[in-house]
Amino acid sequence: MPESTPTGAEPARWAKVIDHTRCIGCHACTTACKSENEVPLGVTRTYVKYADIGHFPFARRVYQVTRCNQCDDAPCTTACPTGAMFRRPDGIVDFDKSICIGCKACIAACPYDAIFINPEDNSAEKCNFCAHRIDMGLEPACVTVCPTEAIIVGDLDDPESKVSQYVGRDPVSVRRPEKETHPKLFYKGAHQATLDPLAAARPGGGLYMWSEQPSGPHEVGSGQPYPMDADGRHGPNSSAAAILSYDVSHTVPWDWRVSLYTLTKGVSAGVYLAALLLCLLGGLAWQGGAWLTTTPLLGLVALAATGALLIWDLEHPKRFLMIFTRPHMKSWLVRGAFVIAGYGAALTAHLAAGLTGGDGGVAATRWMAWAGAPLAAMTAVYTAYLFAQAKARDLWQNPLLPPHFLVQAVLAGGAALMLVPSLGGSAALGRLVGLSAAAHLLLVLAELTLTHATAHAALAARNMVRGRYAPWFWSGALLVALAAVLTVIPLGGAWVAPAAGIAALVGLFGHEHAYVQAGQSVPLA
């Protein structure tokens with residue numbers, strides 16, 4: 001029985017120790033969890049990972065029980081826009097399906113790949129310590145059925161509890177301590193080849209010991225996918241001879257719709273920023289229709305497409321208004337939604353003033369730029385902070401992202417303006433697009449040539465440049481380079497400006513898709 005907390009005392013801080021010197025890999029915890037919590041087939045709250053260490057005849061099998069780490073500083077609770085993922089006073093990270101909008105931000109944020117979308121109710125779910133049993137004074141189902149008492153739960157703050165004694169007396173490990181989530185799932189005697197998701201090699205042939213490796217366009221297979229290079233830079237992140245014999249793959253949380261959203265959002269913010277720059281530099285007239293009506297109209301259309309993509313990507317699209325009606329303001333998904341709403345209001349006011357015409361309307365739009373410009377800039381760059389909040393994705397933890405998103409927005413907005421017949425032949429606009437395309441390519445080069453801080457970031461970059469997303473990445477880079485060339489070579493013809501604009505927009509989508517998907521392509525568990 002779990003230790004109870006006396007009435008009026010501080011709540012327990014529940015923690016769990018898994019003693020792998022006792023674990024026999026029987027999967028009793030997995031099946032008990034499925035039965036107790038009615039977890040559907042195809043997804044798991046907990047499972048047992050197998051790895052084979054050494055070479056025959058000196059080989060052995062090691063296990064790791066994988067589940068939510070019940071973090072004291074849980075990134076999933078910070079990223080959740082409605083508070084559907086929350087931390088209880090007793091330290092259990094629980095969830096409320098009734099307010100989950102299915103944005104999958106919690107999945108992207110979790111460094112342990114412990115969260116999934118339940119295919120039956122389309123809501124986020126994970127191990128919650130069997131909180132309903134804890135509240136009744138019972139142990140979690142996995143603890144009850146473990147035949148070797150390898151799973152121990154208790155109050156980490158109670159020096160008399162078994163968990164506290166294990167943690168204070170024995171050498172224990174946690175997964176990914178560098179993420180600073182302060183997990184409360186401790187492993188005793190676990191081999192590093194199971195704790196590090198890249199420490200064991202992925203078996204060839206698409207097989208495990210007694211099952212096939214799941215495959216598909218959105219599946220992220222477990223283990224290190226590449227053999228050791230001659231220079232030793234790639235391969236299993238361990239000196240031990242280790243190969244996975246059983247594991248569970250995971251699916252990426254964000255698909256092409258998020259990749260496309262980064263482009264449409266950039267177009268919306270960029271048309272305003274590009275037009276404003278041209279007006280300030282004398283390349284566009286303040287009293288012209290391009291500034292007064294075309295710019296806000298294009299911005300609103302692209303912003304509407306952005307909103308549609310974001311709502312379409314939700315597992316519960318009918319609940320999207322909860323982002324505004326019960327916002328969790330620490331989430332950059334919520335902050336971004338308010339920024340977009342403010343920018344949409346600024347564009348609407350600008351369009352209304354532009355349609356009134358006259359000197360008054362022109363003056364009003366110029367004054368509105370003091371609010372429109374920062375809102376457009378924030379609309380362009382907030383995604384960098386949203387991605388950075390996804391602690392699981394090391395490729396996205398990049399300080400160059402905010403300025404890069406700003407440059408991409410100017411490029412996307414300028415490219416969109418080049419498709420407008422009355423603006424396509426503007427030399428100033430062509431120079432702006434050419435310069436922003438060159439800046440984008442230089443930032444891409446900087447991101448790729450800088451040393452990656454972690455093995456996860458390096459593997460994601462390899463998947464982007466030389467792996468499954470390389471066609472998207474290189475075609476995107478070539479098309480943006482083509483757009484830059486078209487803006488500076490005097491080829492003549494009415495087709496040049498639209499061709500440059502289309503090349504830049506398609507190229508940006510190729511880059512964004514490669515970047516977003518590669519960042520999610522590294523196994524975390």
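User: Which strands form the open sheet, and in what order?
Analyst: In this predicted model, three strands form an open sheet in the order S3-S2-S12. Their pairing is antiparallel.

User: Which strands stand at the edges?
Analyst: Strand S3 (58-66) and strand S12 (242-246) do. Each has a single partner strand, so one side of each is left without a neighbour in the sheet.

User: What does the twist average from one strand to the next?
Analyst: The twist averages 30°.

User: How many bridges join S2 to S3?
Analyst: Nine bridges join S3 to strand S2, which covers residues 47-55. The two run antiparallel.

User: And what stands opposite Val48?
Analyst: Val65 in S3 stands opposite Val48.

User: What do strands of a sheet pair through?
Analyst: Backbone hydrogen bonds, in either a parallel or an antiparallel arrangement.

User: Moving on to S8. How many of the residues of that strand are buried?
Analyst: Five of the five residues of strand S8 (residues 151-155) are buried, so S8 is largely enclosed by the rest of the structure.

User: Which strand does S8 pair with?
Analyst: S8 pairs with strand S1 (residues 14-19) over five bridges, in the antiparallel sense. In that pairing, Asp155 in S8 stands opposite Trp14.

User: Salt bridges next. How many does a search of the whole structure find?
Analyst: The search finds 21 salt bridges. One of them joins the side chains of Glu125 and Arg45, at 3.0 Å from N to O.

User: Where do Glu125 and Arg45 lie?
Analyst: Glu125 is in strand S7 (residues 124-125), and Arg45 is in the loop between helix H1 (28-37) and S2, so the pair ties together parts that are 80 residues apart in sequence.

User: Is Glu125 buried or exposed?
Analyst: Glu125 counts as buried, at 1% relative accessibility. Arg45 also counts as buried, at 8%.

User: What about Lys104, which side chain does it meet in a salt bridge?
Analyst: The side chain of Lys104 meets that of Glu315, at 3.3 Å from N to O. Lys104 is in the loop between strand S5 (93-95) and helix H3 (105-109), while Glu315 is in the loop between helix H9 (289-313) and H10, so this pair ties together parts that are 211 residues apart in sequence.

User: Is Lys104 buried or exposed?
Analyst: Lys104 is buried, with a relative accessible area of 6%. Glu315 counts as partly exposed, at 28% relative accessibility.

User: And which side chain meets Arg257?
Analyst: The side chain of Asp313 does, in a salt bridge of 3.7 Å from N to O. Arg257 lies in helix H8 (residues 256-280) and Asp313 in helix H9, so parts that are 56 residues apart in sequence are tied together. Arg257 is buried with a relative accessible area of 15%, and Asp313 is buried with 7%.

User: Which residues are linked in a network of salt bridges?
Analyst: The network links Arg13, Asp72, Arg87, Asp157 and Lys184.

User: Last topic, the surface. Which residues make the nonpolar patch?
Analyst: Leu321, Phe324, Met329 and Phe338 make a nonpolar surface patch of about 360 Å².

User: Where is Met329 found?
Analyst: Met329 is in the loop between helix H10 (322-325) and helix H11 (332-356).

User: What is the relative accessible area of Met329?
Analyst: The value is 42%, so Met329 is partly exposed.

Definitions and conventions
Residues are numbered from 1 along each chain as its sequence is written. This is a predicted model: local features need pLDDT of at least 70, side-chain atom pairs count only at pLDDT 80 or more; totals for chains, interfaces and linings use all residues. Side-chain values use heavy atoms; hydrogens and water are left out. Patches are made of residues with over 30% relative accessible area and no salt bridge: like charges are joined within 9 Å, nonpolar side chains (Val, Leu, Ile, Met, Phe, Trp, Tyr) within 5 Å. Accessible areas come from the Shrake-Rupley method with a 1.4 Å probe; for residues, only the protein chains shown count as cover. A salt bridge is a side-chain nitrogen of Lys or Arg within 4 Å of a carboxyl oxygen of Asp or Glu. Helices (H or I, at least four residues) and strands (E, at least two) are DSSP runs, numbered from the N terminus. Buried means under 20% relative accessible area, exposed over 50%, partly exposed in between (1.4 Å probe, protein chains only). Two strands pair if DSSP finds at least two bridges between them. Axes are lines fitted to C-alpha atoms, for helices over the stretch in contact, and angles run from 0 to 180 degrees between N-to-C directions.
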